[in-house]
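Hi,

Here is the structure I promised to pass on.

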Amino acid sequence: MEKIISYPISLVAIVLFLLTLLVFHPVQWVCLTFFGYQAHKKCVDYLNFSLLKVGHLLGTSFSIQNRELVPKGVPIIFVSNHQSLYDIIGIIWFLRAFHPKFVSKAELGKGIPSVSYNLRHGGSVLIDRKEPKQALPAIKSLATYIEKHKRAAVIFPEGTRSKTGKPKEFAQNGLKILCKFAPSAYIVPITINNSWKFVKFGGFPYGLGTKISFTVHEAYPVAALSFDKLIEKTEATIVKAIQ
């Protein structure tokens, strides 16, 4: 019954989602071209706020706990499990004060209004997962960027979304490069719950009444632990809080 009811609502949501991307695309260009980084960032913030509001049409709610635990004035590496597109949208909006930049797959860097433009021009990096020789220098450039500007990198070590909420094994290489070249950074684990339920029927229609939550965990400096201990602690912290 939920799936049947969701079809017309999801259709409206898709139209509004696409319209939002189309409207903000030229606005991003104007902001970046004529007013610079800060204006462009503000535009991207409100793009994602608007996309959250589209989610509300489907009864989706969003909450974040413990945001105050994120250190200020230092480079941040947000490490999170991954379940749906709304993981990214929520992180950009709720953690906008930390200027989150993403390690994203290269396919997203072209052809998607607003999204592709922001990934190419907003400080994130695009990697070809079939070409590890290209990926590592790109991630290194993101690490040096956050080290210099005291901003945040976001990485999903699972590499792809979990379709059931059950976490996949964390890959280590990307996080290792970020830690190596942003030595003053703090790791901030984030656990996302229920986001997968938004797409539990596949690409269409969407789930109704999903309660997506973001839980921020205690931060710790990259330099405080060996990398093996760091990845073990980070993965265990995130996975333990998955419901």
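Which residues does His 121 touch, not counting residues up to four places away in sequence? They are Leu 32 and His 40, where contact means heavy atoms within 4.5 Å.

Before the rest, some housekeeping: this is a predicted model, in which local features need pLDDT of at least 70 and side-chain atom pairs count only at pLDDT 80 or more, while totals for chains, interfaces and linings use all residues. Numbering starts from 1 along each chain as its sequence is written, and side-chain values use heavy atoms, with hydrogens and water left out.

Back to His 121: you will find it in helix H4 (residues 115-121). Helices (H or I, at least four residues) and strands (E, at least two) are DSSP runs, numbered from the N terminus. At 39% relative accessibility, His 121 counts as partly exposed; buried is under 20% relative accessible area, exposed over 50%, and partly exposed in between, with a 1.4 Å probe and protein chains only. His 121 and Ile 146 are 25 residues apart in sequence and, C-alpha to C-alpha, 15 Å apart in space.

Next, the strands. Two of them count as paired if DSSP finds at least two bridges between them.

- Strand E3 (residues 100-105) has 5 of its 6 residues buried, so it is largely enclosed by the rest of the structure.
- E3 pairs in the parallel sense with strand E5 (residues 152-155) over 3 bridges, and Phe 102 has Val 154 as its bridge partner in E5.
- E3 also runs parallel to strand E4 (residues 125-127), again with 3 bridges; here Val 103 is opposite Val 125.
- Strand E7 (residues 211-216) is mostly covered too, with 5 of 6 residues buried.
- E7 is joined to strand E1 (residues 61-65) by 5 bridges, the two running parallel, and Phe 62 stands opposite Ile 212.
- With strand E6 (residues 186-193), E7 pairs in the antiparallel sense over 4 bridges; Thr 191 has Thr 215 as its partner.

Last, a helix pair. Helix H5 (residues 132-149) packs against helix H6 (residues 173-181) at an angle of about 40°, with the axes 8 Å apart. Axes are lines fitted to C-alpha atoms, for helices over the stretch in contact, and angles run from 0 to 180 degrees between N-to-C directions. H5 and H6 are therefore oblique to each other: under 35 degrees would be roughly parallel, over 145 roughly antiparallel, 65 to 115 roughly perpendicular, and the rest is oblique. Among the residues making the contact are Leu 136 and Ile 139 of H5 and Ile 177 and Phe 181 of H6.

Cheers
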